[in-house]
Amino acid sequence: MSELQPLIPFVLIVAVFWFLVARPARRQRQKLADTQSSIAIGSEVMLGAGIFGRVSSLEEETLHLEVASGMTVKVARQAVVRVVEPVGYDTHEGPDPTDGSAEH
């Protein structure tokens, strides 16, 4: 037992490293891989460079991204870091002029 005693701190350091660094990084890589494999035509995505666009076609390793009306770029699937969910908010501020309840 006395010859194993110096190894205990090393084993504890490895265990702490595993739970604080390696495990969360592996989960994050898996989540990113799931996101990249779930991309569908019509999805709005964000690239690692911060470019947003809508997927117009898919290939195995690449996709065509429409970044502006009529302008598509071919990018690697690995460049996608997030699928952007549509935001369900109304950009109109104030009362609705069509409901008749607005004060004049």
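In the predicted model, Thr 35 has a relative accessibility of 18% and therefore counts as buried, where buried denotes under 20% relative accessible area, exposed over 50%, and partly exposed the range in between (1.4 Å probe, protein chains only). Thr 35 belongs to helix H1, which spans residues 7-37; helices (H or I, at least four residues) and strands (E, at least two) are DSSP runs numbered from the N terminus. When neighbours within four places in sequence are left aside, Thr 35 is in contact (heavy atoms within 4.5 Å) with Arg 82 and Val 83. Residue numbers start from 1 along each chain as its sequence is written. Because the model is predicted, local features require pLDDT of at least 70 and side-chain atom pairs count only at pLDDT 80 or more, whereas totals for chains, interfaces and linings use all residues; side-chain values rest on heavy atoms, with hydrogens and water left out.

Helix H1 also contains Val 16, which at 46% relative accessibility counts as partly exposed. Together with Phe 17, Trp 18, Phe 19, Leu 20 and Val 21, Val 16 makes a nonpolar surface patch of about 630 Å². Patches are built from residues with over 30% relative accessible area and no salt bridge, like charges being joined within 9 Å and nonpolar side chains (Val, Leu, Ile, Met, Phe, Trp, Tyr) within 5 Å. Accessible areas derive from the Shrake-Rupley method with a 1.4 Å probe, and for residues only the protein chains shown count as cover.

The largest nonpolar core comprises eight residues, namely Ile 39, Val 45, Leu 47, Val 55, Leu 63, Leu 65, Val 75 and Val 80. At least two residues of this core come from each of strand E1 (44-47) and strand E3 (62-68). Such a core is a set of buried Ala, Val, Leu, Ile, Met, Phe, Trp, Tyr and Cys residues joined through side-chain atoms within 4.5 Å. Beyond residues up to four places away in sequence, Leu 65 touches several residues, including Val 45, Leu 47, Val 55 and Met 71.

Two salt bridges are found in the whole structure, each defined by a side-chain nitrogen of Lys or Arg within 4 Å of a carboxyl oxygen of Asp or Glu. In one, the closest N and O atoms of Arg 54 and Glu 44 are 3.3 Å apart. Arg 54 lies in strand E2 (residues 52-58) and Glu 44 in strand E1, so the pair ties together parts 10 residues apart in sequence. The other joins the side chains of Lys 74 and Glu 59 (3.9 Å, N to O). As Lys 74 lies in strand E4 (residues 71-76) and Glu 59 in the loop between E2 and E3, this pair links parts 15 residues apart in sequence.
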